[in-house]
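My entries follow in the order in which I checked things.

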Amino acid sequence: MSLLAKVASDISDAASFTRYRGDGWQMLLPRAGDCLWGCLYITARLRAVKEAIPTRIAAGIGTEWPTGRVDLSTAMGPAFTASGRALDRMRPGETLALAGDGIDAFQQQCFAFAADLARRWTPQQAEAVALMLHVDSSSPDTGPSRAAAAA
């Protein structure tokens, strides 16, 4: 969980991360367009550490309804509903899923293809991918859309 919290801060200063229901977690990315990149970065960082426990990621695209809480444990809205339902629909062996209003089959298949490639990374390859995907988190975030990731 500490690695995931670090990864969230690497992704964006505006990203939120919360441990959720024991071994689960939720992350809110400020821009929906960062969703695939963020999911691959999370996957690469985890696969680069041999002791890290693998995770499944269901990304939901949509809005977030503020709940007044500091963390995401009570987060609500279409993004969180979509990610939760996508996580529930994931079959054994699936590691990435995408859902939300306006998400089409092509976008979902792009996530499935990326997951299939990532599943084959050695720890060294995952580390190289993580280094390639890492960006300066101090860059400004723009745009009204939100992306939620849950595992």
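Entry 1, burial and overall layout. I looked up burial and found that 42% of the 151 residues in the protein chain are buried, where buried means under 20% relative accessible area, exposed means over 50% and partly exposed lies in between, computed with a 1.4 Å probe on protein chains only. I note that this is a predicted model, in which local features need pLDDT of at least 70 and side-chain atom pairs count only at pLDDT 80 or more, while totals for chains, interfaces and linings use all residues. Residues are numbered from 1 along each chain as its sequence is written, and side-chain values use heavy atoms, with hydrogens and water left out.

I then listed the secondary structure, taking helices (H or I, at least four residues) and strands (E, at least two) as DSSP runs numbered from the N terminus. The protein chain has five helices and five strands, and along the sequence they follow the pattern α-β-β-α-β-α-β-α-α-β. Counting a contact as heavy atoms within 4.5 Å, I find that, of the contacts between residues at least 6 apart in sequence, 68% join residues at least 24 apart.

I looked up the axes, which are lines fitted to C-alpha atoms, for helices over the stretch in contact, with angles running from 0 to 180 degrees between N-to-C directions. The axes of H1 and H2 come within 10 Å and cross at roughly 140°. That makes H1 oblique to H2, since angles under 35 degrees count as roughly parallel, over 145 as roughly antiparallel, 65 to 115 as roughly perpendicular and the rest as oblique. The crossing of H1 with H2 is right-handed; a crossing is called right-handed if the near helix is turned clockwise from the far one by less than a right angle, and left-handed if anticlockwise. On the H1 side I noted Leu3, Leu4, Lys6, Val7, Asp10 and Ile11, which meet Trp37, Gly38, Tyr41, Ile42, Arg45 and Leu46 in H2. By class, the residues of this contact are eight nonpolar, one polar and three charged, with Ala, Val, Leu, Ile, Met, Phe, Trp, Tyr, Cys and Pro counted as nonpolar, Asp, Glu, Lys and Arg as charged, and the others, Gly among them, as polar.

Taking a salt bridge as a side-chain nitrogen of Lys or Arg within 4 Å of a carboxyl oxygen of Asp or Glu, I count five salt bridges. Which residues are linked in a network of salt bridges? They are Lys6, Asp10 and Arg45. Lys6 pairs with Asp10, with the closest N and O atoms 2.6 Å apart, and because the two are four residues apart in helix H1 (residues 2-11), they are separated by about one helical turn. Lys6 is partly exposed at a relative accessible area of 43%, whereas Asp10 is buried at 9%. Asp10 also meets Arg45 in a salt bridge (2.6 Å, N to O); Asp10 lies in H1 and Arg45 in H2, so this pair ties together parts that are 35 residues apart in sequence. Both Asp10 and Arg45 are buried.

I also checked Arg119 and Asp116, whose side chains meet in a salt bridge (3.4 Å, N to O). They are three residues apart in helix H4 (residues 105-119), and so about one helical turn separates them. Arg119 is partly exposed at 39% relative accessibility, and Asp116 is partly exposed at 25%.

H2 and H4 pack at an angle of about 15°, with their axes 11 Å apart, which makes them roughly parallel. Here Cys35, Leu36, Cys39, Leu40, Thr43 and Arg47 in H2 meet Phe111, Ala114, Ala118 and Arg119 in H4, a contact of seven nonpolar, one polar and two charged residues.

Helix H2 (residues 35-47) also packs against helix H5 (residues 123-133), at about 140° and with the axes 8 Å apart, and the two are therefore oblique to each other. The crossing of H2 and H5 is left-handed. Trp37, Leu40, Tyr41, Ala44, Arg45 and Arg47 in H2 meet Pro123, Ala126, Val129, Ala130 and Leu133 in H5, and the contact divides into nine nonpolar, no polar and two charged residues.
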